[in-house]
Amino acid sequence: MALLITEKCINCDMCDPECPNEAITMGPEIYEIDPDRCTECKGHYEKPTCQSVCPITNCIILDPEHIESEDELLEKFVTLQGLA
């Protein structure tokens, strides 16, 4: 699954520079995650860095509208990194 930033976001700017896939950008009101670029940091880190640095509990969650298996996330990582 891609991740989703909820309305709990306080726009602290901690997540954006941590995303290795450049999937996080400022939306109209809060930061947003592009599901086409989010791999939950698979291929980069053991767990999503945006969740690790976010100071708000449960602000960044799994996006139920973008369900992907671990294999699909790793395939997306390979494609985004130009390794395919």
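**Exercise 1. Overall shape**

What radius of gyration would a compact globule with 84 residues have, and what does the chain have?

*Solution.* Start with the model. It is predicted: local features need pLDDT of at least 70, side-chain atom pairs count only at pLDDT 80 or more, and totals for chains, interfaces and linings use all residues. Residues are numbered from 1 along each chain as its sequence is written, and side-chain values use heavy atoms, leaving out hydrogens and water.

Step 1. Take the rule: 2.2 Å times the number of residues to the power 0.38, with the radius taken over C-alpha atoms.
Step 2. For 84 residues, a compact globule would have a radius near 12 Å.
Step 3. Compare. The chain has 12 Å, which agrees.
Step 4. Along its principal axes the C-alpha trace covers about 35 × 25 × 25 Å.

**Exercise 2. Elements and confidence**

List the elements in order, then find where the confidence is lowest and highest among them.

*Solution.* Step 1. Count. The chain has 2 helices and 4 strands. These are DSSP runs, numbered from the N terminus: helices are H or I with at least four residues, strands are E with at least two.
Step 1. Order them. From the N terminus on, they run β-β-β-α-β-α.
Step 2. Check pLDDT, the predictor's confidence in each residue, from 0 to 100. The chain's mean is 96, and 100% of its residues reach 70 or more.

**Exercise 3. The core**

Which residues have the most contacts inside the largest nonpolar core?

*Solution.* Step 1. Define the core: buried Ala, Val, Leu, Ile, Met, Phe, Trp, Tyr and Cys residues joined through side-chain atoms within 4.5 Å. Buried means under 20% relative accessible area, exposed over 50%, partly exposed in between (1.4 Å probe, protein chains only).
Step 1. Read off the core. It has 16 residues, and those with the most contacts inside it are Ile-5, Cys-15, Ile-24, Ile-33 and Ile-60.
Step 2. Trace the strands. Strand 1 (3–5) and strand 3 (31–33) each supply at least two of its residues.
Step 3. Look at Cys-15. Leaving out residues up to four places away in sequence, Cys-15 touches Ile-5, Ile-24, Tyr-31, Cys-50, Val-53 and Ile-60. Contact means heavy atoms within 4.5 Å.

**Exercise 4. A salt bridge**

Which residue forms a salt bridge with Lys-76?

*Solution.* Step 1. Set the rule: a side-chain nitrogen of Lys or Arg within 4 Å of a carboxyl oxygen of Asp or Glu.
Step 1. Count. The rule gives 1 salt bridge.
Step 2. Name the partner. Lys-76 pairs with Glu-68, and the closest N and O atoms are 3.0 Å apart.
Step 3. Classify Lys-76. Its relative accessible area is 12%, so Lys-76 is buried.
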